[in-house]
Amino acid sequence: MQRLLVALLAALDAAITAAIGLAVLLAPLTLLWTLVFGVTADWGALWPLTGTLWEFGHGVPLEITIPDALLVTLAIPAEAARFVVSITPLAFLFLTLLLAARSGARAARSGAWLLGSLSGSVVFAVISAVVALTSALEAARVPLALAILLPPAVYLVGAVCGAVRVAWEDGDGGLLDRIHDVLDAREDWAPVPTAIVQGAAFTLVGVTGAAALAVALSVLTRGGEVVALFQAARVDALGATVLTLGQLAYLPTLIVWAASWLAGPGFAVGAGTAVSPAGTQLGVVPGIPAFGLLPENTSMWMLIVILVPVAAGAFAGWAVRSRLVWEGTPLGLLQRAVIALGIAAVSAGAAALAAVFAQGSMGPGRLEAAGPAVLPFAACLGAEVLVGAAILLLSPRHRDELAEERTDRWIAEMSTLESAGPVDGSAVSSDVAADTAPLSGLPGRTIPRDPADDDRR
């Protein structure tokens, strides 16, 4: 009965997650629809638009088709009438990941993490299929198979990650515990997987925070260009609101672009363009206000920013090593080398996965290539993190570290002796201990006191 309850609660979590994602889109769209067309407008197109944007937010590409009448009105070339938009607004994807991870962690604490993750993903897949089958738009088509499969795949990844994190620490009485037992049989390798995951988490948080700071500094220094592009768009308050909301949905995507810039490869905003610390080469870019944040030019001195991922890796190596020393589990050189390689590999994998969703097409013609290149971004970030982590993890053990290990060992031994209780003949009275007090000025040497001295006092 308990496993059935866990499955039902996980299914409810999945339904709530899908409802939240759809409501985040439907609420502002409803407000905008009412302001533009009034309360008597035809609401038939509102749900298809919401469902299509929800699928797009989970990585499903859009195939845009501009009607012929609009082509003539806007004087758009006929070859630009059909194009694909595949750069994902990662805000919706991250929302699903976080809520799914929360559900998976709850299922793990209930002792059925695998069942909970699978049942939630199945319900999310059903909802995704219903949305895909009922929200088709003529002007923005999506591949049906991807529309059904990608959203539940995102949910499954989030649920499994959240569940495994909790089950690995608390135990699950099944597969993870057996893996734990195999690792615990080798004491020198048991802490390695946990250290890799923790180090990669430190690294990714550090790089993401630095990238977000870079975006914030760009807003402060180039805010005038953003305002100028808003003014050049000549939109009313409603249009400016739509532009702002759309750019906010793409804010995590911009942070991924900034992380690629910090790693060195940079990113593109169209075929034949490059934005990197080594230099900026831009042609004509769309008049999207967020593109006002792009630097006009850079110098070779800006390559110093690649030290940011190195520093993040070094911090991860220091944090992991300090924790291992604190827990009294110092590892050999081979294990520490594996930890450094693991941190770099996991960080590179996460960068590659983020770049897959943050790159692609954003329009017709030369705009079909935008965002960071997956392989260069992952390779550069992994190499830089490896350098930083290896410096801290593979450096010789400092004497303070060795002294701390000896202190921890001594405390553990004393705790063992105290828990065992006093041994016959080993108890020494305080008077006798005082009689053997070290002689001042002669460290390490003791002399007994004459009891007759007490009588003379």
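**The salt bridges, one by one**

Analyst: The model is predicted, and its salt bridges number three.

One of them joins Asp13 to Arg106, with 2.5 Å between the closest N and O atoms. Because Asp13 belongs to helix H1 and Arg106 to helix H4 (residues 90-109), this pair ties together parts that are 93 residues apart in sequence. Asp13 counts as buried because its relative accessibility is 15%, and buried means under 20%. Arg106, with a relative accessible area of 30%, is partly exposed.

Another salt bridge links Glu63 and Arg82, whose closest N and O atoms are 2.4 Å apart. Here the partners come from strands: Glu63 is in strand S1 (residues 62-65) and Arg82 in strand S2 (residues 82-85), so the bridge ties together parts that are 19 residues apart in sequence. Glu63 has a relative accessible area of 31% and is partly exposed. For Arg82 the value is 52%, and this residue is exposed, since the term applies over 50%.

There is also a salt bridge between the side chains of Arg141 and Glu138, at 2.7 Å from N to O. Arg141 is partly exposed, at 42% relative accessible area, whereas Glu138 is exposed, at 61%.

Helix H1, which holds Asp13, spans residues 2-37 and also contains Leu5. With a relative accessibility of 45%, Leu5 counts as partly exposed.

Conventions. Residues numbered from 1 in each chain as written. Predicted model: local features only at pLDDT ≥ 70, side-chain atom pairs only at ≥ 80, totals over all residues. Heavy atoms only, no water. Helix = DSSP H or I, 4+ residues; strand = E, 2+ residues; numbered from the N terminus. Buried < 20%, exposed > 50% of the residue type's maximum accessible area, 1.4 Å probe, protein only. Salt bridge = Lys/Arg side-chain N within 4 Å of Asp/Glu carboxyl O.
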